Amino acid sequence: MTDSSAIDPIALRRKVAWRVLPLVILLYIISYLDRANVAFAKLRMGETLGFSEDVFGFGIGVFFIGYLFLEIPGALLVERWSARKWFARILITWGFISAAMAFVKTPSQFYCARFFLGVAEAGFFPGIIVYFTHWFAQNDRSRALSGLLVAVPFSLALGAPVSSMLLDVKWFGLDGWQWLFIVEGLPAVVLGFVVLAFLTDRPRNATWLTQAERDHLEGVLAAEAAAKEATGKISVWQTLRLPAVWLLVIGVLVGNSGGYALSFWLPTTVKNLSGGSDQMTLLYSGLYYSCGILSVLISGQTADRTGDRKWHAAGGMVATGIFLLCSTIPGQGFGTQMIWLCLTALGAFFWIAPFWTLPSLTLTASAAAVATGLINMGANLAGYAGNHVTGWLRTHGYGEMQCLHFLAACFIVGGIIISFLRLKPKSA
């Protein structure tokens, strides 16, 4: 036994955070860019291959169907096997599949590549959630997750100018959109080997901690797990009978249908509204996502300061829809429309972090644990539904304004649904 009484918990938490978080956040940045860069490539890819908007809508959305296949098994593998080995497998396979997107020629090949990209990446995000339970106590875990949420708009804000530069290259007989997939996909393969070398599965495996630090951290996490286990469990059937669960599932399904589709179709929307070049389109898209970074940071601070989560989530969704509707007001110049879109970005990224705290605020601990998986399924199905419907609308003669009205309605209805949630009494 080692004496852990001399351990400084704050210094230990900081030491763990600086070792674990930078690499995990970098992985998530690459992950989100590789799933979303088809939105940037689409500006040239569709013209070259003759893909309709409906083809893109289904192809973008089918990723999320593939993603559902290994989501739960992937989380279990992190818990019972090895996060280091599982994440390395995920990174290497998704990197190669993402790069292989450069060589699709037909809609069927496009669908297959997107589906298997989803399968390859499945289990990564829920695996990270499980991985954090191996390193961070509950309070620290929330702050760690907020870093991942910043990674989403950051990856897209970074990807837009990089993609803009790649679109015009023509090396070795390959078009710019093909190099976009190759250049942005292969870093995941490299990082897969970095993970094998540097990621540590659990505190007991950490040679960069002292024995006393390892014992202290393992003890804190074990005590927290034991306390959670003592609260009892609730069955899936019992969870499904709770109205709050279905408000959360349907709310995120509807709201995220607008969110995912807006993110994936944004470059197309900006190009149609501005009439500018592809490079200018991607720079404006980068501005939108930069506003998203600011929004995530503001949301985290104000939610923590006020203690409010429900109205941050519901209000953020509704505000997103209203700002998006304002961008469709007739007679505006593109400059004014871009201002509305930047305000839309502030709303679109404002509601996400507060929303994911709502299960624990509206349900008991055991019910929240069961419900979170179901809610996450709703969030991922939204990626399929929103993108497929948007592609269908564009192919069947509906214009840019009608598509934006559909997305705005998703946000507003989702926010209204969330507003009906009843929070647990504070004494509960």
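**Helices and contacts in a predicted model**

Helix α5, which covers residues 83-100 and has 18 residues, reaches 25 Å from its first C-alpha to its last, close to the 26 Å expected at 1.5 Å a residue, where the expected span is 1.5 Å times one less than the number of residues. Helices here are DSSP runs (H or I, at least four residues), numbered from the N terminus. This is a predicted model, in which local features need pLDDT of at least 70 and side-chain atom pairs count only at pLDDT 80 or more, while totals for chains, interfaces and linings use all residues. Residues are numbered from 1 along each chain as its sequence is written, and side-chain values use heavy atoms, with hydrogens and water left out.

The buried residues of α5 include Trp86, Phe87 and Trp94, buried meaning under 20% relative accessible area with a 1.4 Å probe and protein chains only.

Val150 has its place in helix α8 (residues 138-166), and, leaving out residues up to four places away in sequence, Val150 touches Ile293, Val296 and Leu297, contact meaning heavy atoms within 4.5 Å.

Asn256, in helix α12 (residues 243-274), is buried, with a relative accessible area of 11%. A polar atom of the Asn256 side chain lies 3.3 Å from the backbone oxygen of Ala379.

How values were computed. Helix = DSSP H or I, 4+ residues; strand = E, 2+ residues; numbered from the N terminus. Buried < 20%, exposed > 50% of the residue type's maximum accessible area, 1.4 Å probe, protein only. Polar contact = N/O pair within 3.5 Å; in protein donor to acceptor, adjacent residues only side chain to side chain.
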